[in-house]
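I opened my notebook to write down what I looked up.

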Amino acid sequence: MYIHIKGLKDERFARPLQLIANLFFEETSVSLEKVSGEPDFVIDFELKVGHQVEVQATLQHADGQTFQAQYDKEMPREATEKEQFKVIKNTVAHVYLSVLQDYTKMVQKWGILTGIRPTKLLHKSLQEGLTKEEAHKKLKTDYLITDEKIQLMQDIVDRQLAVVPDLYDLQNEVSIYIGIPFCPTKCAYCTFPAYAINGRQGSVNSFLGGLHFEMRKIGEWLKENDVKITTVYYGGGTPTSITAEEMDMLYEEMYTSFPDVKNIREVTVEAGRPDTITPEKLEVLKKWNIDRISVNPQSYTQETLKAIGRHHTVEETIEKFHLARQMEMNNINMDLIIGLPGEGVAEFQHSLDETEKLMPESLTIHTLSFKRASEMTRNKDRYKVASREEIIEMMDLGEKWTKEHGYAPYYLYRQKNILGNLENVGYSLPNQESIYNIMIMEEQQTIIGLGCGAASKFIDQDGKIMHFANPKDPKTYNDSFEEYTNKKISILNDIYKNSALAK
Ligand code: SF4
């Protein structure tokens with residue numbers, strides 16, 4: 001599919017228009033210039049910018065059909081150049097989406113939003129002082145989001161504010177993410193920094209040496225600057241793929257190095273792969289008062305697990321869940337993925353039926369995303385996945401099932417190339433929400449990433465976000481962790497020096 005855009009010269013339009021086209025068509029190319037070959041259709045824009053931004057668009061199909069749309073938006077006074085362009089871009093996106101919806105007869109429930117964190121937009125409006133009604137109207141008219149998705153956003157925002165009433169005042173604190181880049185084997189859809197652990201003990205030892213160093217240094221800085229930690233999250237990889245002794249030393253380091261660990265609101269350890277869970281490791285988690293773990297089935301169909309390279313059985317997931325329960329783990333999350341290869345409604349229903357027997361405190365329902373770097377995307381032909389309609393049906397099933405079983409949605413995020421342009425939703429039973437997940441999604445405070453592939457997000461007093469990533473592979477990390485730690489400390493110094501964030 002080739003779409004030729006006329007009347008827009010600024011190259012900055014190319015990417016947002018491409019992302020919106022991807023919501024409607026697979027493998028589309030959108031071009032602001034005439035390129036070789038006949039376009040499938042042309043969209044002609046007329047753009048006037050003054051006190052108002054006025055945009056009109058006409059979609060002209062090769063078969064003679066035409067569709068038109070128009071939208072005007074007031075340009076805010078005293079807007080910076082960047083803010084002005086954003087208004088123009090959203091107005092262009094508005095008419096573009098409208099003609100594409102008319103032409104395809106498809107409704108995009110998220111409207112012109114192609115970003116990852118839709119709820120952030122609602123939080124922002126509420127923080128700026130808009131009432132719920134005003135904020136909803138804005139989402140509906142300016143962004144073309146459907147009532148159904150606006151309600152979902154509001155439900156999520158309400159839950160988040162019930163769990164973290166001081167969410168808008170937590171900029172003075174930080175959360176910590178710790179990345180352990182090892183797994184027993186690599187799953188086919190995985191793009192995380194995850195290295196099969198077998199035969200790598202040397203590499204694990206050096207990695208842990210670096211990680212302990214980072215924890216000590218960052219802990220020292222937090223103590224010196226009197227900055228509290230809201231949450232800690234051990235992810236990866238699979239943080240339980242290291243030995244029980246290594247885990248024990250790591251949590252001991254956390255208690256020694258980090259400030260006021262007893263008052264950290266939540267410490268989560270992902271124990272995603274059931275094949276890594278042992279009674280000894282659960283004992284260590286208990287010893288250090290780890291609040292929350294994840295045991296991730298992804299699916300309860302054995303053939304699927306085999307097809308995606310997860311070398312454990314369905315029985316093992318169930319058995320390890322019960323073991324964790326017996327050892328007093330009372331906040332367990334489980335992940336399911338919709339649209340795994342070979343799976344349809346029947347398999348997903350089966351996963352929900354099995355979930356019902358366990359009733360974990362939280363359930364995260366992901367929709368499979370074809371990420372560029374995964375084995376699955378490189379060999380797309382080998383993996384048969386459900387149709388868009390079936391994915392939507394499974395999503396609806398998940399929504400209905402969670403509601404009937406007392407779970408409520410408390411965070412959501414969208415991904416690029418997600419099947420059916422849907423979302424990943426975290427559901428939980430009342431008061432069992434993960435505070436870290438809320439922090440990472442809503443970007444209200446700095447998250448410091450330690451360990452391999454750990455991404456830090458520094459948020460300054462104006463809410464500006466700075467990304468900083470540790471190296472993904474253990475070797476580079478082992479060679480350079482000191483340098484990366486120092487860089488993070490220097491960013492923290494810049495943010496806190498003379499800032500309202502400093503006490
Ligand atoms: S368990 Fe998670 S991190 Fe490890 S390989 Fe599988 S998807 Fe990747």
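**Entry 1: the model.** I noted that this is a predicted model, where local features need pLDDT of at least 70, side-chain atom pairs count only at pLDDT 80 or more, and totals for chains, interfaces and linings use all residues. Residues are numbered from 1 along each chain as its sequence is written.

**Entry 2: α3 and α4.** I looked up helix α3 (residues 118-127) and helix α4 (residues 132-141). Helices here are DSSP runs of H or I with at least four residues, strands are E runs of at least two, and both are numbered from the N terminus. The axes of α3 and α4 come within 9 Å and cross at roughly 135°. Axes are lines fitted to C-alpha atoms, for helices over the stretch in contact, and angles run from 0 to 180 degrees between N-to-C directions. The angle makes α3 oblique to α4. Angles under 35 degrees count as roughly parallel, over 145 as roughly antiparallel, 65 to 115 as roughly perpendicular, and the rest as oblique.

I then checked the contact. L121, L122, S125 and L126 of α3 meet A135, K138 and L139 of α4. Two residues are in contact if their C-beta atoms, placed from the backbone, lie within 7 Å. By class, this α3 and α4 contact has five nonpolar, one polar and one charged residues. Ala, Val, Leu, Ile, Met, Phe, Trp, Tyr, Cys and Pro count as nonpolar; Asp, Glu, Lys and Arg count as charged; the others, Gly among them, count as polar.

**Entry 3: α3 and α5.** I stayed with α3 and turned to helix α5 (residues 147-163). The two pack at an angle of about 70°, with their axes 10 Å apart. That makes α3 roughly perpendicular to α5. P118, T119, L122 and H123 of α3 make the contact with M153, Q154, I156 and V157 of α5.

**Entry 4: α11 and α13.** Next I took helix α11 (residues 345-358) and helix α13 (residues 388-404). Their axes come within 10 Å and cross at roughly 20°. That makes α11 roughly parallel to α13. In α11, V345, F348, Q349 and L352 meet E390, E393, M394, L397 and W401 in α13. The classes in the contact of α11 with α13 are six nonpolar, one polar and two charged residues.

**Entry 5: the ligand.** Which residues are around the ligand? I listed C183, K186, C187, C190, F192, A194, G236, G237, T238, G272 and R273. A residue is near a molecule if its C-beta atom, placed from the backbone, lies within 6 Å of it. This shell has five nonpolar, four polar and two charged residues.

**Entry 6: two backbone spots.** The peptide bond from G236 to G237 is cis, with omega near 20°. G237 sits in the loop between β9 (229-236) and α7 (244-257). I also noted N289, a residue other than glycine with a positive phi, near 55°. N289 lies in the loop between α8 (279-287) and β11 (292-294).

**Entry 7: domains.** The domain assignment gives domain 1 (1-106) and domain 2 (296-315 + 335-431). Such bounds come from an automatic or database assignment. The centres of domain 1 and domain 2, taken over C-alpha atoms, are 33 Å apart.
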